[in-house]
Amino acid sequence: MGFLRLLLLGVLGGGLVFLSVANREVVTVRLYPEGFGHVVGHPGAFLVPQFAVLFAGVLAGLVVGFAWEYVREHRHRREAGLRGRALRRLEREVASLRARAGEGGDEILTLVDRR
């Protein structure tokens, strides 16, 4: 399985390098329309390689997708935390009952523990 993972990562990395070499042209990326630059005081245009724009778009999509899933699964994480706290509380209660039964308290719990 490890070999298959390395093979897949190698193919993916090679494809990204191939894509980068094929799209080395410099393109202009504008933050806002051309006429708006004098209002802001900055032209808002950058010259970057085309593959950088492509990779930045993919990265932005990944970040938005991960953030969306994190927010969407908040309810499940909260419920798991509540159940975990309830489980720890019940385990403490069982431990205290067993300790009390060990002092000669509850005969039924003593019989259950012997099993």
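**Overall layout**

I read along the sequence and noted that the protein chain follows the pattern α-β-α-β-α-α-α. I counted five helices and two strands in the protein chain. For these I used DSSP runs, with helices being H or I of at least four residues and strands being E of at least two, numbered from the N terminus.

Before going on, I noted that this is a predicted model, in which local features need pLDDT of at least 70 and side-chain atom pairs count only at pLDDT 80 or more, while totals for chains, interfaces and linings use all residues. Residues are numbered from 1 along each chain as its sequence is written, and side-chain values use heavy atoms, with hydrogens and water left out.

**Surface and burial**

Accessible areas here come from the Shrake-Rupley method with a 1.4 Å probe, and for residues only the protein chains shown count as cover.

How much of the protein chain counts as buried? I got 5% of the 115 residues. My cut-offs were under 20% relative accessible area for buried, over 50% for exposed, and partly exposed in between (1.4 Å probe, protein chains only).

I also checked contacts, meaning heavy atoms within 4.5 Å. Among contacts in the protein chain with a separation of 6 or more, 30% are between residues 24 or more positions apart.

**Ser20**

I found Ser20 in helix α1 (residues 2-22). Is Ser20 buried or exposed? Ser20 counts as buried because its relative accessible area is 13%. Leaving out residues up to four places away in sequence, I saw Ser20 touch Phe51 and Phe55.

**A nonpolar patch**

I then turned to a nonpolar surface patch of about 590 Å², made by Leu54, Val58, Leu59, Leu62, Val63 and Phe66. Patches take residues with over 30% relative accessible area and no salt bridge; like charges are joined within 9 Å and nonpolar side chains (Val, Leu, Ile, Met, Phe, Trp, Tyr) within 5 Å. I picked out Leu62, which lies in helix α3 (residues 50-72). Leu62 has 44% relative accessibility, so I put it down as partly exposed.

**Salt bridges**

How many salt bridges does the structure hold? I listed three, taking a salt bridge as a side-chain nitrogen of Lys or Arg within 4 Å of a carboxyl oxygen of Asp or Glu. Side chains of opposite charge can pair when their charged atoms come close.

I noted that Glu69 and Arg72 meet through their side chains at 2.8 Å, N to O. These two are three residues apart in helix α3, so about one helical turn separates them. Glu69 is partly exposed at 30% relative accessibility, and Arg72 is partly exposed at 48%.

Arg72 also meets Glu73 in a salt bridge, at 3.9 Å, N to O. I have Glu73 as partly exposed, at 33%.

My last entry is the salt bridge of Glu79 with Arg83, at 3.2 Å, N to O. Both lie in helix α4 (residues 74-102), four residues apart, which is about one turn of the helix. Glu79 is partly exposed at 39%, whereas Arg83 counts as exposed at 58%.
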